[in-house]
Amino acid sequence: MRPTHAPAFLLAAVAASAAMTTASAQDPLAGNPFAQPSALPYTTPAFDRIKDEHYLPALLEGMQQHAAEIQAIAANAESPTFANTVEAMERSGALLTRVAKVFFNLTESTTNPTIQKIQAEVAPKLAAHQDSIYLDARLFARLEAVHAARETLAGEPKRLVERLHLSFVRNGARLSPDAQQRLRAINEQSSKLTTTFQERLLADTKDLAVVVDAKEALAGVDASAVSAAADAAKAAGKDGKWLLTLQLPTSQGVLSSLDDRGTRQRVFEASMQRCARGNGNDTKALVLQLAALRAEKAQLLGYATHADYVLADQMAGSGAAVEKMLASMAAQIVVKAKAEAKELQEWLDRNQKGQQLAAWDWSWVAEKVRKEKYAFDEGAVKQYFPIDRVLQDGMFYMAKQLYGVELRERKDLPVYHPDVRVFEVFDADGSKLGLFYGDYFARPSKRGGAWMDNFVDQTELLGQLPVVVNVMNIQKAGDGQPTLLSFDEVTTMFHEFGHGVHGLFSKVRYPLLSGTSVPRDFVEFPSQFHEDFAFDPAVLARCAKHWQTGEAMPTELVGKIRAARTFGQGFASLEYVAAALLDMAWHTLPPGAKVDDVAAFEKQALAKAGVAYDLVPPRYRSTYFAHVWPGGYSAGYYAYMWSEALAADAFACCMENGGMTAQNGKRFRDLVLARGMTVEPMSMFAAFRGRDLDTKALLKRRGLL
């Protein structure tokens, strides 16, 4: 996942520029490390100097300076040109970008009450600042003039003008003054609500962590995970107990190994209850407010629904196109999920007579069936995937083979948490490409899930090389135990690294078009494309080695992992499609639609779409659907499957042409990863594939043919 933390204008259209004036005694940023660009390599943040008290003054001063720069552009007496209007905007906002890139990353990965308080204070101010730019009539008049003459431009400059102009129009630049005033109010209120949602979800996820009193209740869980649970309990002031922390999705990874049915039920029900218990962390009212505000905003901007507004600037094009795509697969997926449920119930009938399959049993029974069918279990597989070997001998090896790059660890650069590691990235010719941060371990101050972001965007205009970060939530083993990964976690590492190289290999002049600044239904394409290389024989031969003996994973076990890849895809596909359809249901509500009960709406929406199945609840329920409320994926959760179709077809192209080769890597890097948003997404895909998309590879990948 590639998230949106800050307002879109901050992430896409603002970038660092020339050095700021030296701080003086009257300067509000005197002694603040954000006052000047970092002196560290690649201007990477000076985390050893940054303290919580530095964020608020830097954000406030950054908005003030940026506003002054924008006003100067708008008030320029010279006739508008590309250089004095569009390029000037791309150079503006240095301080604001510098602090926002750090602050909004840390609100997700290592927050605390001080950071949360600052976020709550600045979120509406940032929304208002963004509106002050998009709704500045003089600025838009200049941009309109440059846009009208865009045929005199070519290449990236022309593309930049078109994308920037579209962004202004989509953010209300052509609305009447009264409509613009209402838009400002909607944006301000929405920013407050999404911040509150994020805070409540983090708090309730922490509060609902399951305390286990007896070690016997953790039977089946591997030793490293048990050790981690003991450490988590100790950190929470519950010495002598075990704490099972919750991950972001409904289905929790630990459910596949927990032998104790009562503990499984406790974990599952805790997950399902998040932010829906009527306490101070409840988000139901926030969901209703956000859905209503988004529908109203879409209407103001000339769209029937929020989904139509969002999708007009995506590959899909419309809500109807997304619903058609999802509906075309839903019935087939439900049939497969029910067939899997029948198989699981048959196992229970043979082995635990009288027990009826429940949702909290699914993963555990599925693991038993998988052991029988493929003669391996996830616990045995994990012994071959210690995290550092997967990182160094798996993922980085893939990067070397495909792209010729090397990643060398830098222990001299400061980090924002002791678990974070930094690697310098070098191209095949020895030239420097950027920095890669890896933040892989779970902690209470980090939100769930996995994602990639940038601390510094690549841009030739400003002479910046990229600084990217991958974040995951792997349970860190206790003292003396290795951190071992499930194969799902291995593929997630490869997935996020795909986002990482999308940022690292960007070779674009303008910040707005750089790196992962592409549509939601395209941004997951490179990441999912890289997942399949986790199965490459050469990768597995190097990284799949037993953590104790160093012995390579037996060929037979590798074969079983491959064969088992499509096992359980009915469950996985249904929980995903149900969540994607739930997202669309909320965001296709017309303005003024009356919804009183979040749970009832959710139930009705799933039933109407034909995906209501109690044994397989949506991957995310409405009250903890972080992707679509604060996470920037509203009306966009479908994008993972849309992008997966692109990824499966592109990977099939690689397999047809030799697999993990430097030639395939160069083509993918040159035609997709380096381009940012300088080319229409489908044109990038077609250039690499040599034809338009064929979805057969996706159906084959998921075992749905």
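**Close-up 1. Strand β5 is largely enclosed in this predicted model.** Nine of the 10 residues of β5 (residues 432–441) are buried, so the rest of the structure largely encloses this strand. Strand β4 (residues 421–426) pairs with β5 through six bridges, and the two run antiparallel. Here V425 stands opposite G434 of β5. Five residues separate β4 and β5 in a hairpin. In the turn, G430 has a positive phi of about 90°. Strand β7 (residues 467–474) also pairs with β5, again through six bridges, but this pair runs parallel. F436 stands opposite V468 in β7.

**Close-up 2. F385 and F436 in the largest nonpolar core.** This core holds 194 residues. Of these, F385 and F436 touch the most other members. Beyond residues up to four places away in sequence, F385 touches V390, T483, L484, L485, F487 and V490 among others. Its contacts also include L540, C543, A544, K545 and M553. A second, separate core has 34 residues. L95, V99, L126 and W451 are among them.

**Close-up 3. R294, a buried arginine without a salt bridge.** R294 sits in helix α11, which spans residues 284–300. The nearest side chain of opposite charge belongs to D583, 6.4 Å away. A salt bridge requires a distance within 4 Å. The R294 side chain does make a polar contact of 2.9 Å with the side chain of H587. Setting aside neighbours within four places in sequence, R294 is in contact with T194, H306, H587, V628, W629 and S634.

**Close-up 4. A358, a buried loop residue.** The loop holding A358 runs between α13 (319–351) and α14 (362–374). A358 has a relative accessible area of 11%; the cut-off for buried is under 20%, so A358 counts as buried. Not counting residues up to four places away in sequence, A358 touches R261 and L615. V254 lies 104 residues from A358 along the chain, and their C-alpha atoms are separated by 16 Å.

**Close-up 5. A75, a partly exposed loop residue.** A75 is found between α2 (52–74) and α3 (82–91). Its relative accessible area is 48%. Exposed means over 50% and buried under 20%, so A75 is classed as partly exposed. A75 and D536 are 461 residues apart in sequence. From C-alpha to C-alpha, A75 and D536 are 57 Å apart in space.

Terms used:
Residues numbered from 1 in each chain as written. Predicted model: local features only at pLDDT ≥ 70, side-chain atom pairs only at ≥ 80, totals over all residues. Heavy atoms only, no water. Helix = DSSP H or I, 4+ residues; strand = E, 2+ residues; numbered from the N terminus. Buried < 20%, exposed > 50% of the residue type's maximum accessible area, 1.4 Å probe, protein only. Contact = heavy atoms within 4.5 Å. Core = buried A, V, L, I, M, F, W, Y, C linked by side-chain atoms within 4.5 Å. Lys, Arg positive; Asp, Glu negative; His and termini not counted. Polar contact = N/O pair within 3.5 Å; in protein donor to acceptor, adjacent residues only side chain to side chain. Pairing = 2+ DSSP bridges.
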